[in-house]
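Have the viewer ready while you read.

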Amino acid sequence: MKISQYPYRERQAASPGPQVPALVLILLFITPCCSTAWSQTSDRAEQRQKLLAEAEPFERFGKLLRASAEFAGPSIVHIESKQLKAVSPTRSGTRGVQVQVEESGSGIIADVDGKRVVLTNRHVVEDVPLDAIKIQTLDRRLLTPTQVLTNADFDVAAVVVAEAAVAGERPIPAVFADSAEVGDIILTVGSPFGLDRSVSMGIVSATNRRRVPASVGPTPRVGFYQIDAAVNPGSSGGPMLNLRGEVVGVVTAIATQGGGNEGVAFAIPAKTVMKVVRQLVKNGVVMRPYIGIGFDAAFGPEERKQLGIDRMVGARINQVQANSPASQAGLQANDVILRVDQTDIEDDIHFVELIAQSEIDAVMTLNVLRNGTTLTVPITLGSQISR
């Protein structure tokens, strides 16, 4: 067998027609890949620029949230308290005992008549000795409580703290705003499960909630903000902030079946809290408007229909206290209060809330249904101590 010294040339001879050098073939094979790679790089750059442009307004919004939380931060405190709570007797007949339970919550520093006061919920510091309350600021200083003033009707507490020993270190008071509306974006800051300074975002879901499935004791006599921010046990007493870092409410309760956040939480309006706290600090008690009537809780749709009322409005009186503003105004049992000034009354709780938000000695005009006739009854509000 003959072996050629030039196998490449023999193949050329055996293969008629023009021949393509191997290097050219390689380049032809590589070129489409390089083109695709360059194209992908170009597309990625365009995608990146587009992404940055789309993300910019959201990043600005994120910076706003961060700025709001940072502005309010120095005015928010973490509270720990040691409470004695009764343990129910067991089935075996063991007598009930009291055990020490550590509670956590949050508070808001406020300036009330020149005093530094920490606002929180009553149930956070209820029946707790002063030396068992620990209040810590953002910079980890401890504030010394000197007095605890509470009100159960509104579930509000004012903890007066000692002045700073060093000039310039007075606790920084929060900035408060009057109100919020449905749909407003809000932040809450609290200590859920002891995790202090946890920030959550949500919106105002509703205002003036009155029948609230509160998690602690009776419902305070206020119109709540309902919010969907993440609120859990330990969040009590923390602020509800608007986007300007202003306190618009104090987180108080959650509605839950499992004991944790289910997107339904409630905050007392800051305007109501400050009104209560100012009275506590000034007088040690809260005086509230009073007219001296009781209502029929069973006044429902059928009872309204029998009286010719075609909507769910009105509150029916079933008791009038002697020598009260109501008796002096001539109100009677079975009267149905339909309106207060220009506001239609939805039910008895709505009426009580309107009275609570009014001023002592204010004159109000009631529209009252009595025996099929609508009467106009002016009434001057009296006062009584709120427990």
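The points below go through the aromatic pairs, a helix, the cores, a strand residue and a hairpin.

1. Ground rules. This is a predicted model, where local features need pLDDT of at least 70, side-chain atom pairs count only at pLDDT 80 or more, and totals for chains, interfaces and linings use all residues. Residues are numbered from 1 along each chain as its sequence is written, and side-chain values use heavy atoms, with hydrogens and water left out.

2. Aromatic pairs. How many turn up in a search of the whole structure? Two. Rings of Phe, Tyr and Trp (its six-membered ring) pair if their centres lie within 6.5 Å; planes under 30 degrees apart are called stacked, over 60 edge-to-face, and the rest tilted. Phenylalanine 224 and phenylalanine 266 are edge-to-face, with centres 6.0 Å apart and planes at 70°. Phenylalanine 224 sits in strand 10 (residues 224-227) and phenylalanine 266 in strand 13 (residues 265-269), so this pair ties together parts 42 residues apart in sequence. (Helices, H or I with at least four residues, and strands, E with at least two, are DSSP runs numbered from the N terminus.)

3. Buried here means under 20% relative accessible area, exposed means over 50%, and partly exposed is in between (1.4 Å probe, protein chains only).

4. The other pair is phenylalanine 295 with phenylalanine 351, edge-to-face too, at 5.4 Å centre to centre and 70° between the planes. Phenylalanine 295 belongs to strand 15 (residues 293-295) and phenylalanine 351 to helix 7 (residues 348-356), so the pair links parts that are 56 residues apart in sequence. Phenylalanine 295 is buried at 15%, as is phenylalanine 351 at 2%.

5. Stay with helix 7. Seven of its nine residues are buried, so helix 7 is largely enclosed by the rest of the structure.

6. The largest nonpolar core. It has 33 residues, and Val117, Leu119 and Val277 touch the most other members. A nonpolar core is a set of buried Ala, Val, Leu, Ile, Met, Phe, Trp, Tyr and Cys residues joined through side-chain atoms within 4.5 Å. Several elements each supply at least two residues, including helix 2 (22-72), strand 3 (115-121) and helix 4 (270-283). Helix 4 gives the largest share, seven residues.

7. Zoom in on leucine 119. Leaving aside neighbours within four places in sequence, leucine 119 is in contact (heavy atoms within 4.5 Å) with residues including Ile108, Phe176, Val273 and Val277.

8. Valine 204. You'll find valine 204 in strand 9 (residues 198-209), buried with a relative accessible area of 0%. Again leaving out neighbours within four places, its contacts include Val182, Ile186, Tyr225 and Met240. Leucine 187 is 17 residues from valine 204 in sequence and 10.0 Å away, C-alpha to C-alpha.

9. Strand 4 (residues 133-136) and strand 5 (residues 142-143) pair in the antiparallel sense over two bridges; strands pair if DSSP finds at least two bridges between them. Glutamine 136 has leucine 142 as its bridge partner in strand 5. Five residues lie between the strands, and arginine 140 in this hairpin takes a positive phi near 70°.
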